[in-house]
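Q: I would like to go through the labels used for this model one by one. For each, please set the value against its definition.

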Amino acid sequence: MGNPFVKPVKQYFSPPEFPGDDAKTRAAQVLHTLLLYTMVGIFILMIAIPLIFVEKQYNFIAGIIALFILSASYWLMRRGRVYFSSIIFVSIIWVILNFMVIHSGGMRSIITIFYVTATITTGLLLGYRAALYYAIICIFSGLGMVLMERSGFEIPILFPLPSHVAWLDFTISLALTLTALNIALRSQKRALARVRQSQSRFATLFEEAPVMYLIVHHQGDVPMIDNCNAAFISKLGYTKQQVLGKPLADFYDQKSKTLILNKNEMEKIVHEPIRTPMERVLVTKDGRIIHTLLQISPDLDDAGNIKGTLAMYLDISERKKAESQRDEMLKQVLFTLKEKETLLRELYHRTKNNMQVISALLDLQCVYTDDERLQSAFTDTKNRIHSMALVHQKLYEAKDLSHVNLKEYIHDLAELLMSSYDISHGEIILISEMQDVSVLIDTAIPCGLIINELLSNAFKHAFPENRSGVIRVELNKIKNQIQLVVSDNGVGVPVNFNFRENGRLGLQNIISIGEKQLGGKVLFQTNGGVTCRLSFSDNLYKPRV
């Protein structure tokens with residue numbers, strides 16, 4: 001096993017990395033190199049102090065302070081405060097340099113060469129503008145030192161340097177300058193390598209992408225093809241030499257040629273935050289057409305200006321084919337539905353006509369009999385047929401071939417029955433309070449038969465000897481329950497009359513149809529006339545057309 005202290009120390013002095021922030025990582029690695037080189041250099045100078053410097057105490061204290069500040073800067077850099085650490089580093093270097101220049105003999109000292117190194121370092125860490133400001137400050141501080149010397153101001157020399165130290169200063173300054181230049185060149189080399197790698201990746205993606213790519217530039221208002229990928233060549237069947245340098249319009253169909261954007265329109269689109277794909281049709285070498293979705297992006301130069309357009313064409317021919325087949329199937333379905341609707345309407349119409357024929361035959365039969373009971377039975381049967389025929393007439397006239405508006409149907413049926421029994425509106429007043437309720441044909445026909453029986457009974461028996469009166473019809477729907485009420489203020493029925501046991505065919509039909517066919521409840525009441533209440537569910541049947 002290795003030394004447990006080696007790994008953390010090695011990790012602490014290794015170049016830092018900040019995932020997700022490449023710029024910060026690069027700046028930290030440059031600062032890391034400069035700080036380590038500078039601290040190593042100062043440490044070596046501190047060892048050489050007894051051999052080189054005259055004022056050993058002052059030089060040693062200056063070295064200790066410099067190491068402490070550089071260590072603090074290094075600690076901040078390790079914790080991500082790279083910019084702040086860089087400012088501290090160049091600022092403290094500047095302060096130390098000025099202090100040493102002032103107290104080691106003025107601007108004639110070779111130490112001033114360190115200003116050049118410090119300026120280059122500032123440029124590497126904080127950029128060109130910071131280096132420019134740093135150089136200006138150094139110039140004015142040096143000018144201040146010169147003016148102080150010319151005015152005869154005496155500055156105590158705390159760091160007298162022997163003559164051979166000038167050579168050492170010069171060597172160190174050159175070493176630091178070369179270090180800074182080496183870092184700059186390595187950074188530039190890494191940047192160029194990243195650019196080449198990025199270009200190589202783009203070229204690979206461009207060439208091997210399954211979608212068609214073009215790079216286009218405008219020659220005047222004519223878009224010309226600069227480059228294309230393998231997918232474009234493979235899809236259209238041309239060679240690359242036959243495509244490059246040709247107008248984009250040469251590969252469009254006639255309609256797409258009219259939609260080609262000029263340079264201003266193209267630049268306007270590529271600057272939009274959200275670019276909507278456009279449909280274009282390409283023509284292959286053998287004349288086939290390819291439906292595509294076109295998405296364009298700007299191709300920028302180093303200065304960020306648009307030098308061309310990157311066009312991506314996604315083949316949607318299969319989707320177009322599927323859409324065409326779907327549209328054709330939809331047309332066929334609509335045609336079939338229309339045909340069935342026509343046949344169904346014709347069926348309703350013919351059913352109604354057949355019922356009218358049956359009704360006419362019953363009328364004819366009535367003419368050949370003098371028996372009032374038979375004539376009444378024929379009339380009742382004819383009215384029942386009319387009530388069913390009216391349903392088919394309503395369906396024939398309706399837009400919905402499954403549903404009948406029960407309110408309109410009851411109103412028309414009542415008018416038909418009043419006409420059949422030759423009842424004027426002045427004699428018997430029909431009052432209706434009905435909601436718009438829509439029901440299926442399977443429900444409408446039973447309801448019609450029940451209404452027919454109830455109104456027929458009222459017209460025939462409730463108002464004898466031409467008495468006047470009122471018949472009230474109520475229809476409403478509460479949730480899934482339909483309630484139908486037919487009442488009159490006629491003479492009523494005998495005392496202790498049992499509707500279920502004593503009723504004739506009409507009443508038996510009402511009870512049977514209401515309770516068995518509609519699955520509802522039928523209730524008769526006698527209170528100054530007769531009232532029939534019918535309630536049933538509207539979800540007994542499902543639509544069939």
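A: Contact means heavy atoms within 4.5 Å. By that rule, and leaving out residues up to four places away in sequence, Ser-537 touches Asn-480 and Gln-481. Keep in mind that this is a predicted model.

Q: Why is Ser-537 called buried?
A: Buried means under 20% relative accessible area. Ser-537 has 15% relative accessibility, so the label buried applies. Ser-537 is found in strand E12, residues 530–537.

Q: What makes the pair of His-217 and Asp-226 a polar contact?
A: A polar contact needs a pair of N or O atoms within 3.5 Å, one able to donate a hydrogen and the other to accept it. The side chains of His-217 and Asp-226 make such a contact at 2.7 Å.

Q: Which residues does His-217 touch, not counting those up to four places away in sequence?
A: Val-222, Pro-223, Met-224, Asp-226, Lys-307 and Gly-308. Lys-307 is 90 residues away along the chain, with 6.8 Å between the C-alpha atoms.

Q: Why do E2 and E3 count as edge strands?
A: The open sheet has five strands in the order E2-E1-E5-E4-E3, with antiparallel pairing. Strand E2 (222–228) and strand E3 (278–283) each have a single partner strand, so one side of each has no neighbour in the sheet. On average, neighbouring strands of this sheet are turned by 40° against each other, direction ignored.

Q: How do you know that E3 and E4 pair?
A: Pairing takes at least two bridges. E3 and strand E4 (residues 289–300) have six, in the antiparallel sense. In one of them, Glu-279 has Leu-293 of E4 as its bridge partner.

Q: What puts E7 and E11 at the edges of their sheet?
A: This open sheet of five strands runs E7-E9-E10-E12-E11, with mixed pairing. Strand E7 (428–434) and strand E11 (521–526) have a single partner strand each, so one side of each is left without a neighbour. Neighbouring strands here are turned by 10° against each other on average, direction ignored.

Q: How do you know that E7 and E9 pair?
A: At least two bridges are needed. Seven join E7 to strand E9 (residues 469–478), and the two run parallel. Met-434 stands opposite Leu-475 in E9.

Q: Which strands does H14 touch?
A: H14 packs on the sheet against E7, E9 and strand E10 (481–488). The direction of H14 makes about 170° with that of E7. Helix H15 lies across E7, E9, E10, E11 and E12, at about 15° to E10.

Q: How do H14 and H15 pack?
A: Helix H14 (residues 406–420) and helix H15 (residues 441–462) meet at an angle of about 35°, with their axes 10 Å apart. The crossing is right-handed. Among the residues in contact are Leu-413 and Leu-417 of H14 and Ile-451 and Phe-459 of H15. By class, this contact has 12 nonpolar, three polar and no charged residues.

Q: Why is Glu-453 called buried?
A: The cut-off is under 20%. Glu-453 has a relative accessible area of 5%, so it is buried. Glu-453 lies in helix H15. Its C-alpha atom is 8.3 Å from that of Asp-380, 73 residues away along the chain.

Terms used
Residues are numbered from 1 along each chain as its sequence is written. This is a predicted model: local features need pLDDT of at least 70, side-chain atom pairs count only at pLDDT 80 or more; totals for chains, interfaces and linings use all residues. Side-chain values use heavy atoms; hydrogens and water are left out. Axes are lines fitted to C-alpha atoms, for helices over the stretch in contact, and angles run from 0 to 180 degrees between N-to-C directions. Helices (H or I, at least four residues) and strands (E, at least two) are DSSP runs, numbered from the N terminus. A crossing is left-handed if the near helix is turned anticlockwise from the far one by less than a right angle, and right-handed if clockwise. Ala, Val, Leu, Ile, Met, Phe, Trp, Tyr, Cys and Pro count as nonpolar, Asp, Glu, Lys and Arg as charged, and the others, Gly among them, as polar. Buried means under 20% relative accessible area, exposed over 50%, partly exposed in between (1.4 Å probe, protein chains only).
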